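Please check each of them against the structure.

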Amino acid sequence: MATTSKNMNVFYRQKKNSSASTGKKSTKSPSPKHAATFGSDITQPPALVSHGDDFDEQEQVLRQFDMNMAYGPCVGITRLDRWERAQRMGLNPPKEIESLLRGGKVKLESLFDGRV
Amino acid sequence: MEVDSQEQLQRKQSTYLSLDENFEIQKEVYRGQQYSQIYFARLHMMRTLLYSLVPNWKSHLPVCTVLELKEGKECIIFGTLYKHMKLKPCILDEYSKERSVAPLIKPHNFMHQDDYLVLEDESGRVKLGGTKLSPSVYVTGVVVALHGKETSAGAFFVEDVLEAGLPPQIKRPLKSREDKYVVFVSGLSIGRSSSNPLQFQLLVDHITGHLGDEEEQGLAAEIVHLVIVGNSVEISRGLLNGQNLASKDQSRLCEPFKELDILLTQIAASLPLDIMPGSSDPANFALPQQPLNRCLFPGSTTYNTFRSCTNPHCFELDSIRFLGTSGQNIDDLTKYSEAKDKLDFLERTLRWRHLAPTAPNTLGCYPFTDRDPFLIDSCPDVYFVGNQEKYETCLLKGLEGQLVRLICIPRFCETGVAVVLNMRNLECHALTFGTQISS
């Protein structure tokens, strides 16, 4: 997939301004294991960064939710279903995600939808 | 001899409760999900369970994930086992340039001495070493807890294994019961050229009380339920090769069902019966197999005693819990591991608390997203498997006082043997029907 970003700074943005990062998983070694989709060797998984389509803080939060391993794989399941599954399993997913998803202005499919 | 005797024999009855909801897939929606979802559900459920068992096992050791392993640090890890098998058929073999590697004749069992086990969780996987965990016993899909440490070679040396063990069992009420029998039969294979219709007719006549004197009929009146455990029909291969069928062949296709329906109507008129699909029945291929369509049994479905059930099948009779399959799960274990007999495989599935650990790896399975329906969370009183070579049974005792009757039901078409279980004391015996006239 060719990169047609307006500015390459977006492509190489560092992760520090995302506050919804998975704090409880910081003990794990942070390998960029999902970099396979775009094959770039940057520090941050490129799937989290947009390529031309605009995204906002809400989408960033939802993408962090998608990437969080504790709630299981995100491919092939809608975000709301995944949230409800995590809730049923007793994993205590953050309530903000649920309210965002039910709010209706966000993408209901995971970030890999249509790309994998 | 009086034709109409004064007292009519009444058949005994028992209360039936179906617990097949877990195995039904009508409500499931396929959205393109892959099998990672069902593996995640399985790992999560089993890990939560194993985590609660760890304090009783080795409370002093830390728990960590695979990626957090450090060389020499003794710890406990949880994960799903994956067995790398050299001889396991792989779709890529068809595309490989060298054709001489894989044998043309498929072996019945794919084990090899070079097989090794790998443990996998969400963070990563690690090869397992040591002799505690034998690759001939375990299969892909079993979730375990392992105690050990990482070696310099990057493998995990296993010092001890924790399996989930038998699930807790709901205690049956101890009131003194009368003798009530449940009959299991499997592998009728009606439609096979070698099947003998007289054998099954004899079974039907015996159960419905049309055979024997009053004492025999009295025994038959104590049979409260019949379970047909899969492979009731066999459609000849020639009709299934994808060609358009002539009308003559179409009627040949339906004959086994008509024959089966006639016999099942006789049974359903007399006592409750459950019929489960098997690998040769016209049901879906992937587990859990859905109930055979009622249109196949126009005569029997008019009776409310006739029940078409899923495979696996779980039900309660007088609060005794029965759980069983038509054999695909055990047959798959036979292909990918070894044991001294089939009862051993049954016991292992109970100790792993999973009916079919090799699903979806080598056994067809529906891609559930939010649960794994094959997890056994309550220990059954009777655990059966159909379509096996011979009749075998044993009583399994658990550490917390669980008592399970394990039964391997043989193929009726080949052996003429049905299995009878007494619900009062969980004793089992075989009922053999022969049609040879000795000269």
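1. D372(B) occupies the loop between α6 and β13 of chain B; helices (H or I, at least four residues) and strands (E, at least two) are DSSP runs, numbered from the N terminus. With a relative accessibility of 5%, D372(B) counts as buried, where buried means under 20% relative accessible area, exposed over 50%, and partly exposed in between (1.4 Å probe, protein chains only). Apart from neighbours within four places in sequence, D372(B) is in contact with I38(B), A41(B), R42(B) and H354(B), contact meaning heavy atoms within 4.5 Å. L117(B) is 255 residues away from D372(B) along the chain, and their C-alpha atoms are separated by 22 Å.

2. On conventions: this is a predicted model, in which local features need pLDDT of at least 70 and side-chain atom pairs count only at pLDDT 80 or more, while totals for chains, interfaces and linings use all residues. Residues are numbered from 1 along each chain as its sequence is written, chains are lettered from A and ligands numbered from 1 in the order in which they are written, and side-chain values use heavy atoms, with hydrogens and water left out.

3. S378(B) is also placed in the loop between α6 and β13 (382-388) of chain B. Its relative accessibility is 13%, so S378(B) counts as buried. When neighbours within four places in sequence are set aside, the contacts of S378(B) are P167(B), P168(B), I170(B) and R321(B).

4. An unreviewed UniProt entry lists residues 182-391 of chain B as "domain: DNA polymerase alpha/delta/epsilon subunit B". UniProt positions are given in the numbering used here, feature names are shortened, and annotations may be inferred rather than shown by experiment. In the model, this span of chain B, residues 182-391, is 29% helix and 17% strand, and its end C-alpha atoms lie 15 Å apart.

5. Helix α2 (residues 197-208) and helix α4 (residues 247-268) of chain B have axes that come within 9 Å and cross at roughly 15°. Axes are lines fitted to C-alpha atoms, for helices over the stretch in contact, and angles run from 0 to 180 degrees between N-to-C directions. The angle makes α2(B) roughly parallel to α4(B); angles under 35 degrees count as roughly parallel, over 145 as roughly antiparallel, 65 to 115 as roughly perpendicular and the rest as oblique. P197(B), F200(B), Q201(B), V204(B), D205(B) and T208(B) of α2(B) meet E259(B), L263(B), Q266(B) and I267(B) of α4(B). By class, this contact of α2(B) with α4(B) has five nonpolar, three polar and two charged residues (Ala, Val, Leu, Ile, Met, Phe, Trp, Tyr, Cys and Pro count as nonpolar, Asp, Glu, Lys and Arg as charged, and the others, Gly among them, as polar).

6. I330(B), D331(B), L333(B) and T334(B) contribute from α5(B), and K342(B), F345(B), L346(B) and T349(B) from α6(B). The contact of α5(B) with α6(B) divides into four nonpolar, two polar and two charged residues.

7. Most residues other than glycine have a negative phi, and most peptide bonds are trans. The bond joining L287(B) and P288(B) is cis, with omega about -10°, and that from N311(B) to P312(B) is cis, with omega near 5°. Phi of S319(B) is positive, near 60°, and S319(B) counts as partly exposed at 36% relative accessibility. L426(B) has a positive phi of about 60° but counts as buried, at 2% relative accessibility.

8. Chain A has four helices and zero strands, and 40% of its 116 residues count as buried. Eight of the eleven residues of helix α2 (residues 57-67) of chain A are buried, so this helix is largely enclosed by the rest of the structure. The cover over the buried residues of α2(A) includes α3 (79-88) and α4 (95-103) of chain A. L101(A) lies in α4 of chain A and is buried, with a relative accessible area of 3%. Not counting residues up to four places away in sequence, L101(A) touches several residues, among them L62(A), L80(A) and W83(A).
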